[in-house]
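Colleague: I have a structure open and would like to go through it with you. Can we take it piece by piece?

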Amino acid sequence: MGLKIGIVGLPNVGKSTLFNALLKKQMAYVANFPFATIEPNIGIVPVPDERLGALQRVISLQSTATPPQVPATVEFVDIAGLIEGASKGEGLGNKFLNHIRQTDAICFVLRAFSDPDIIKQGVKDPKSDLEILRLELDLADEDMEQKHLAKKNADTESLQYFRKKPFLVVLNIDEEQVTRSQELEASYAKELGINIDQVVAVCAKVEAELSELSSEEQKEYLKTLGTDTSALDKLIQKAFKTLGLITFLTAGEKEVRAWTINEGISAQDAAGVIHTDFMAKFIKADVCNFEDFVEHKGWKNCRELGKVRSEGRDYIMKDGDVVEFRIGN
């Protein structure tokens, strides 16, 4: 399964800068005026997962080739800036609201930085800006519902309501505030009346600069800022948590891979994420704890040491399970 998140905000709050940083290259057009983003920019972003490197090293010790890493991914959709009245067609209005309906979650980008050179269209403070954005989406929901009910035999249960989508809030902060990111997240979560796990403080400018550096240079740069973690990594992690997602792992000579599943999913349903035929032909799942798999260097040793469990179709998958599915003909 894929995870699709729409990046939404008022004009000039740093949405496209954030998007470019996520993709680690300039795939969105960034300009200092409203509606610089005319069509939704879509990018597939790998989910950082150090476990894949560890699995790759284990498999490489037992093979003549090094298997490629295939991380889980998040699809980010960068949408043109909404303004007050978008639900009624103001600005570029409904054209962009329709793009957001196709996403699994909404990422509201709010301006919490100061820059006198940036045009402040509709920007007041994070709380009031979030209220404007959510009101516009609520009004769009109401409009959609009314139009749908006007149709014969209309059923509103199939409708993609914005209000039913989980959401995250990204606070685009100043560079000098990076060291206070956790404090700001807690403070704004309280002010906005939402869970702290839904709030991420990001300096889009810093993240854009990081994206141009090598891995080692990134570590050094982060160190100068008093942190060791990219805020974008934290954003992706919080997105998974907000949507109740986890990953299980597969490790073989062909590839080492992370698969995205819903928390609480059964082994049989997880097998179907790899291939739909696997659900019907499911026999069992060989499951190993990730730490055991790495410590004992792979399937063979783990089986000999009794570290591999045979689980049935109703086994509830856990984050980080290393799995081999046994499938019938």
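Modeller: Let's begin with strand β8, which is mostly covered: 7 of its 7 residues are buried. Keep in mind that this is a predicted model.

Colleague: Which residues of β8 are on which side?
Modeller: Leu 245, Thr 247, Leu 249 and Ala 251 are on one side, and Ile 246, Phe 248 and Thr 250 are on the other. Both faces are covered.

Colleague: And what does β8 pair with?
Modeller: Its partner is strand β9 (residues 256-262), joined to β8 by 7 bridges. The two run antiparallel. They form a hairpin, with 4 residues between them.

Colleague: Which residue is opposite Thr 247?
Modeller: Thr 260 in β9.

Colleague: Now the open sheet. What is the strand order?
Modeller: The open sheet has 6 strands, in the order β2-β4-β1-β5-β6-β7, and the pairing is mixed. From one strand to the next, the twist averages 25°.

Colleague: Which strands stand at the edges, and why is one side of each left without a neighbour?
Modeller: β2 (41-46) and β7 (199-202) are the edge strands. Each has a single partner strand, so one side of each has no neighbour in the sheet.

Colleague: How does β2 pair with β4?
Modeller: In the antiparallel sense, over 6 bridges, with β4 covering residues 73-78. Pro 46 stands opposite Thr 73 in β4.

Colleague: Which helices lie across these strands?
Modeller: Among them are α4 and α5. Helix α4 (residues 126-149) lies across β1 (3-8), β5 (105-112) and β6 (167-173), and runs at about 145° to β5. Helix α5 (residues 181-192) lies across β5, β6 and β7, at about 135° to β7.

Colleague: Glu 142 lies in α4. How does its accessibility count?
Modeller: Its relative accessibility is 47%. Buried means under 20% and exposed means over 50%, so Glu 142 counts as partly exposed. The C-alpha atoms of Glu 142 and Tyr 161 are separated by 9.0 Å, with the two residues 19 apart along the chain.

Colleague: Changing topic: what volume does the largest pocket have?
Modeller: About 1200 Å³. It is lined by 39 residues, and the closest to its centre are Val 47, Pro 48, Asp 49, Asp 233 and Gln 237.

Colleague: Which elements give two or more residues to that lining?
Modeller: They are α1 (15-23), β2, α2 (50-61), α6 (204-210), α7 (215-224), α8 (231-242) and β8 (245-251).

Colleague: And how do the lining residues divide?
Modeller: Into 18 nonpolar, 10 polar and 11 charged.

Colleague: You listed α1 there. How many of its residues are buried?
Modeller: 8 of its 9. The buried ones include Lys 15, Ser 16, Leu 18 and Phe 19. After α1 comes Lys 24, which has a positive phi, near 60°.

Technical notes:
Residues numbered from 1 in each chain as written. Predicted model: local features only at pLDDT ≥ 70, side-chain atom pairs only at ≥ 80, totals over all residues. Heavy atoms only, no water. Pairing = 2+ DSSP bridges. Axes fitted to C-alpha atoms, helices over the stretch in contact; angles between N-to-C directions. Contact = heavy atoms within 4.5 Å. 1 Å grid on protein atoms, 1.4 Å probe; cavity = no way out; pocket = protein on both sides within 12 Å on 5 of 7 lines; lining within 4 Å. Points joined across faces, edges and corners; volume = space filled by probe spheres on them. Nonpolar A, V, L, I, M, F, W, Y, C, P; charged D, E, K, R; others polar. Buried < 20%, exposed > 50% of the residue type's maximum accessible area, 1.4 Å probe, protein only.
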